[in-house]
Amino acid sequence: MYEGTDAIEVFHIKDDSQNGTFLDGVSIGKGNQKVLRHGATVALPWRVTKDTGETEDKLINFEFVKIEKDVFDEDWDEVLAKYELGKQLGSGAFAVVKKVTEKATGNVYAMKVVNKEKMASVESTRDDVLTSEVDLLNKLDHPNILKIHEVIDTKTKMFIFLELVRDGDLYDKLKREGRISEDDAREIFIQMADAIAYLHRENVSHRDLKPENILVQENPTTGAVEIKISDFGLSRTTQSNKAMETMAGTLDYCAPEIIAHFHTGNGYGREVDMWSLGVILYIMVSGAAPFGQGSGNDDLLDCITNAKFQFPENRFGDVSDSCKDLIKHLLVADPKTRYTADQSLQHPWIKDP
């Protein structure tokens, strides 16, 4: 499946066990199938019989890691002359991401190595999409949008050097912590909304906002969480009066009008980014997704297209009414009445917490 400019191999795990199988701490459910991501934790129950005859139940944990082996050909010559390679940070079908240090300055970056030959073997236009992403990132300038340091483009590979964000992404943070305090969620949301307001002023729609594309790090001085929006492979520059028509994004974060476009062909606008921010805010303060909990894809699509969601007491009992009100203004089926980024930043939850 495609994630931004990367077509990634998808690995699945299916639970056929009697005792249950857990993925990142959550039961998969007998007969259900889930996607395995790089770094995911799979836990299996195991009953141990002691010498005394008593039994003890334990969970045995496994980490799922996809490893790419380095093969240094002549395309690497300029890279190896200028940078020292560090550990691998992630990988996909077409790309790996490594930590590197620039020899001349000692500055540390994240280097994305894209295999253009693999990309071309799947779809010839992917190379154009990659170039468009690089060009777009070079034009953008906002403190909460990931910046490009350098690009080295060779015959078979493109090396993209990006600023390194130390603490992973919002998905990892939520996986570790379960949910985020309302105060921390507010600070993260303000940065996301400010970045999206900037993008929309620049006539750019991200179209694939999700926790995996929100990089986070803690400010060493203040301790505050800082974010950087990444992965602009699905982003598009459009005029405000022209609808977008590509089926883009990740289903759990897709706005109703993208799903409706599949049936109507009417297109959609930049408002889709604000729907995604609403889903992310809901997940941050509750630790759960607003749509499709415990249901199949058909139920998920129905809930999204009709904006059917609730605030269960067990997850929202300590969340303020003001925060829930902002979520209600974002998860609106009609994009014309959905809050914009600028309106969100003027909401009482932001202005008068």
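This is a predicted model: local features need pLDDT of at least 70, side-chain atom pairs count only at pLDDT 80 or more; totals for chains, interfaces and linings use all residues.
Residues are numbered from 1 along each chain as its sequence is written, and side-chain values use heavy atoms, with hydrogens and water left out.

**Exercise 1.** Work out the strand order of the open sheet of four strands.

*Solution.* Start with what counts: strands are DSSP runs of E, at least two residues long, and helices are runs of H or I, at least four, both numbered from the N terminus. Two strands pair if DSSP finds at least two bridges between them. Now take β4 (residues 22-23) and β5, which pair in the antiparallel sense over two bridges. Within that pairing, Leu 23 has Val 26 of β5 as its bridge partner.

**Exercise 2.** Find which residues make the nonpolar surface patch of about 400 Å².

*Solution.* Look for Val, Leu, Ile, Met, Phe, Trp or Tyr with over 30% relative accessible area and no salt bridge, joined within 5 Å (for like charges, the limit is 9 Å). A salt bridge here is a side-chain nitrogen of Lys or Arg within 4 Å of a carboxyl oxygen of Asp or Glu. Areas come from the Shrake-Rupley method with a 1.4 Å probe, and for residues only the protein chains shown count as cover. The answer is Leu 44, Trp 46, Ile 60 and Phe 62. Strands β7 (40-49) and β8 (55-64) each give two or more residues to this patch.

**Exercise 3.** Decide whether Ile 60 is buried, partly exposed or exposed.

*Solution.* First, locate Ile 60: strand β8. Next, the scale: buried is under 20% relative accessible area, exposed is over 50%, and partly exposed lies in between (1.4 Å probe, protein chains only). Ile 60 has 36% relative accessibility, so the label is partly exposed.

**Exercise 4.** Describe how the rings of Trp 275 and Phe 291 are arranged.

*Solution.* Rings of Phe, Tyr and Trp (its six-membered ring) pair if their centres lie within 6.5 Å; planes under 30 degrees apart are stacked, over 60 edge-to-face, and the rest tilted. The count by this rule is twelve aromatic pairs. For Trp 275 and Phe 291, the centres are 5.5 Å apart and the planes at 10°, so the pair is stacked. Both Trp 275 and Phe 291 are buried.

How values were computed
Patches are made of residues with over 30% relative accessible area and no salt bridge: like charges are joined within 9 Å, nonpolar side chains (Val, Leu, Ile, Met, Phe, Trp, Tyr) within 5 Å.
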